[in-house]
Structure formats: structure tokens, C-alpha cells
Amino acid sequence: MRARPAVRLLRLGRLPYAESLAAQERCVGRQRAAEPGPEPGPGAAGWLLLSEPAGPVYTRGLRGGPDPAGEERRLRARGAEFRRAARGGLLTFHGPGQLLAYPVLDLRRLGLSLRAYVGALEAAALGLCRRLGLPAARALPPPYTGVWLRGRKLCAVGVHCGRHVTSHGLALNCCTDLTWFDHIVPCGLEGTGVTSLSEELQRHVTVDEITEPFLDAFEEVFQCTLTSHEESMG
């Protein structure tokens, strides 16, 4: 039996979104510098960065809208940051009460295509939902990428992949203030809503509470071993 690849786990905690992006870029640089061979196998397959945004921020992916400058001014006026992100997808929101899971993985180590990788991210979120007693959660085909409950999006997925190394990942609403989504069309999907674990379970669900069951689901889906990494990323 082939050894399970190791993935280094970085728990960044609650911090500004820009700092989580900076940590991600450092991990991407380190993973690309490792230059592993093209065959899947044991060894470090990359990193998993977990964080919770310290403040509200709207992010736009690589696909722009009709008036990006005007949109940015309008959203900043509401007291949120605005960031352009090198990921697929359109406009979305990140903020306190939301789990950001950004895997920086060499897909060759895992033997995954990009499409299979996106499906695996969705499967990890679905595994968490099952552990929390939400078996009705579903992943839908594009353009409805992500995890949905009762026609509302619970978890958004947006990724980037360059030289076989992934970045960005998923954003899962735990106890997020969903009113921030009222000012945008999340992911460009007209007529759809958003939800959170707190809303679905009718109790307050924090990022801390769901972190361990999410990590269990991630290991199960990706068939990897997570190893805590405390080294300074500065």
C-alpha cells in the first residue's frame, strides 16, 4: 500500500484577509521551489492554511464585472475592504465567522486533475456537513460550484492552479453576518441566496467548533496525513 502523502497544516487563526493571502503566497513559493517529480507518491504534498477573516472584505476573482471601479467604490463605502484575487469566480464576501481553507497542493503528488481537485474540496465540505447532521447538503455542477442547502449556498469554492500547485480554496459560512451578501450578487448567480451552519442548525456555530471535524473530512477525502506546522512564515 502506498504511503499517504503528508500535508502541512497551518492554523493562522483570525487575521486580516491580506495577511492570510501573504501566508498563502509564501507557501506557494515554497511548494513550487520544491519541484517534485511528476509521479504521485509519498512526501510533502503541500500545505493547508486555515484562517478566519478579522474584518469584512469583498473579493473579486479573475472574471471582472461591467463596472469594477464603481463597484469597488460602492462596496468600500459600506465599510468593507475590497481585494482582487487570483482565483476563478466572480464577486464574493469574506468576513468574521467564516472558515477559509486554502490548500496549497501539488496535484501531481496527489494524482489529481484540477476538476477532480475541485470535487474533492466540495466533498470535504460535504463530509463536514454529514458530521454535523446536515446530510441534505449537496454539491452542484458548474456554474453552481460549491456546497448548497435548500437552494442556498453554504460554501463557496474558487481556486487557482499554476505549475500544478493550487491556491485559494473554499469559504464556509459558520456564524457569518449574511447581510453583507445583500449588497452583491454572490459569485454572479442571480436569484440564489446564502446560508450558514448557524442558520441551518439553529444555534451559534463557530469556526473553532467545526475546525477539527473539517480536518477529519479533509484527511478522509484527500487520503493524506495532516501535520501541524508552527514555523514562522515571516
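Which residues in the largest nonpolar core touch the most other members?

Author: The model is a predicted one. In its largest nonpolar core, which has 41 residues, Leu 48, Leu 172, Leu 197, Phe 214, Phe 218 and Phe 222 touch the most other members. Helix H4 gives the most to this core, with nine residues.

Some context for the chain comes before the details. The protein chain has six helices and 12 strands. It has 234 residues, and 52% of them count as buried. Of the contacts between residues at least 6 apart in sequence, 77% join residues at least 24 apart. The accessible surface of the chain is about 10500 Å², and carbon and sulfur atoms account for 52% of that surface.

H4 covers residues 114-131, which is 18 residues. From its first C-alpha to its last it reaches 26 Å, close to the 26 Å expected at 1.5 Å a residue. The buried residues of H4 are Tyr 117, Val 118, Ala 120, Leu 121, Glu 122, Ala 124, Ala 125, Leu 126, Gly 127, Leu 128 and Cys 129. An α-helix has 3.6 residues a turn, so residues three or four places apart point the same way. After H4 comes Gly 133, with a positive phi near 85°.

Leaving out residues up to four places away in sequence, Leu 197 touches Leu 128, Leu 132, Leu 134, Leu 154, Leu 172, Asn 173, Cys 174, Gln 202, Val 205 and Ile 210. One of these, Leu 128, is among the buried residues of H4.

Cys 129, also in H4, is buried, with a relative accessible area of 1%. The cysteine sulfur closest to that of Cys 129 belongs to Cys 155 and is 7.7 Å away, so the two are too far apart for a bond. Cys 155 is in no disulfide, and it is buried as well, with a relative accessible area of 0%. The structure as a whole holds zero disulfides.

The side chains of Thr 176 and Asn 173 make a polar contact at 3.4 Å. Thr 176 lies in the loop between strand E10 (165-173) and strand E11 (193-194), yet it is buried, with a relative accessible area of 6%. Setting aside neighbours within four places in sequence, Thr 176 is in contact with Phe 93, Pro 96, Gly 97, Gln 98 and Phe 181.

In strand E10, His 168 has a positive phi of about 60° although it is not a glycine. His 168 is buried, with a relative accessible area of 4%. Arg 150, which is not a glycine either, has a positive phi of about 55°. Arg 150 sits in the loop between E8 and strand E9 (152-162) and is exposed, with a relative accessible area of 60%. The peptide bond from Pro 142 to Pro 143 is cis, with omega near 5°. Pro 143 is in the loop between strand E7 (138-139) and strand E8 (147-149).

Definitions and conventions: Residues numbered from 1 in each chain as written. Predicted model: local features only at pLDDT ≥ 70, side-chain atom pairs only at ≥ 80, totals over all residues. Heavy atoms only, no water. Helix = DSSP H or I, 4+ residues; strand = E, 2+ residues; numbered from the N terminus. Buried < 20%, exposed > 50% of the residue type's maximum accessible area, 1.4 Å probe, protein only. Contact = heavy atoms within 4.5 Å. Areas by Shrake-Rupley, 256 points an atom, 1.4 Å probe, with all protein chains shown as cover. Expected span 1.5 Å × (residues − 1). Disulfide = S-S within 2.5 Å. Core = buried A, V, L, I, M, F, W, Y, C linked by side-chain atoms within 4.5 Å. Polar contact = N/O pair within 3.5 Å; in protein donor to acceptor, adjacent residues only side chain to side chain.
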